[in-house]
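Please consult the sequence and the model shown below.

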Amino acid sequence: SPSTESSRPKVVVTRDLGPDVMPLLRARRDLDVVTWPENRVVDRNWLLQNIPGALGVLVMMTEKVDEELLDAAGPSLRVVSTMSVGYEHADLPELAKRGIKFGYTPDVLTDAVADLSVMLALMASRIAGEVISLVQNNQWPTVSWAPFNLCGYQLSTSRTSPKRTVGFLGFGRISQATLARLIPFGITDCIYTANPSSPPQPSRDEQLLKRHGLNSLRRVDMDELARESDVLFVLAPGGPATRHLINEDFLRKMKVTSVLVNTSRGTLVDSEALAKALREKWIWGAGVDVVEGEPNVTTDHPLVKEPRCIVLPHVGSGTFETRVGMATLAVQNLLAGIDGGSNMPAALDL
Ligand code: DGY
């Protein structure tokens, strides 16, 4: 039910943002801050009942920001601020039509997601899922150390693999931060694909090539990305335009020794096709922090059943430092948005 009426203008927040960040909101004594009190996805009815008349709403990526929600809010709504860098959950054209500002949280999570991307690449290369479960299932005593037991492929270059190519589907901030982390592994070449409508960036690419001392850094097509990547990172926005870009056709072209990592959105990867690729050994391994249909991913999911797939429950940005950064930025966007919008630190151009 709606929280008790106050004479102050209201903002609605769909999660408690914790002791570091809630005080920033509460410091605004001119505002009535209405917060969903539970530590789970906000109940849609609660949100619909509490949003009427709000000046702003701070949401998570789990909340659909659609016509229904905007209609319920009514003409008072000036800003929607999401505590996420992704924004597939928001109907941007509808926000633009209504002149509502939209804030999101880029940059602050780049390092955390890049760290986790490298972690998944290492885990998938070194068959971490299989070897961890072996220990947990008490099977260590049954496997003796032997020259080629429990081996994986090496992320670093080596005498036998002096050339290592890292591929990126999408080459934004997180991809570039991931690339930087891989340079000490001796990565020699980098290829990437970008949104077809985005112009080439030769001077940026030249700079990155030099800064990282790479042999080559090139924008390629999907075919070359599949064929040439030793490690492939999927780091592009979700939504209909990128759905299942990683499909059976793509996976069949990849190297049998390659590893695929998805830390962006589950919808980019066809789960059935990836499970088949792992089962039939078209590729070596995979690490996914996101899965289409999440959070409804249980032990009978084809990817969870694959020993060569590391599946994590969307924790890429999950460090205390980063989550405080995201929540702070989301609050700053919210407050600047209700105060006219011109000083929002991270507003999306609608
Ligand atoms: C985002 O911000 O979009 C991430 O997926 C969650 O941190």
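## Pairing of S1 and S2

Two strands are taken to pair if DSSP finds at least two bridges between them. In this predicted model, strand S1 (residues 10-13) and S2 run parallel and are joined by four bridges. Within S2, valine 33 is the bridge partner of valine 11.

## The parallel sheet

The pairing of S1 with S2 belongs to an open sheet of five strands, arranged in the order S2-S1-S3-S4-S5 with parallel pairing. Strand S2 (32-35) and strand S5 (101-103) are the edge strands, each of which pairs on one side only. From one strand to the next, the twist averages 15°.

Helix H13 (residues 320-338) packs on this sheet. The helix touches S1, strand S3 (56-59), strand S4 (79-82) and S5. The direction of H13 makes about 175° with that of S4.

## Overall architecture

The protein as a whole contains 13 helices and twelve strands. Its radius of gyration is 22 Å, close to the 20 Å given by the globule rule for 350 residues, so the protein is as compact as a globular protein of that length. Taken along the principal axes, the box filled by the C-alpha atoms is roughly 75 × 50 × 35 Å.

## Burial and contacts

Of the 350 residues, 41% count as buried. Among contacts with a separation of 6 or more, 69% are accounted for by residues 24 or more positions apart.

Definitions and conventions: Residues are numbered from 1 along each chain as its sequence is written. This is a predicted model: local features need pLDDT of at least 70, side-chain atom pairs count only at pLDDT 80 or more; totals for chains, interfaces and linings use all residues. Helices (H or I, at least four residues) and strands (E, at least two) are DSSP runs, numbered from the N terminus. The radius of gyration is taken over C-alpha atoms; the globule rule is 2.2 Å times the number of residues to the power 0.38. A residue is buried if 20 or more other C-beta atoms lie within 10 Å of its own, exposed if 12 or fewer, and partly exposed in between; C-beta atoms are placed from the backbone. Two residues are in contact if their C-beta atoms, placed from the backbone, lie within 7 Å. Axes are lines fitted to C-alpha atoms, for helices over the stretch in contact, and angles run from 0 to 180 degrees between N-to-C directions.
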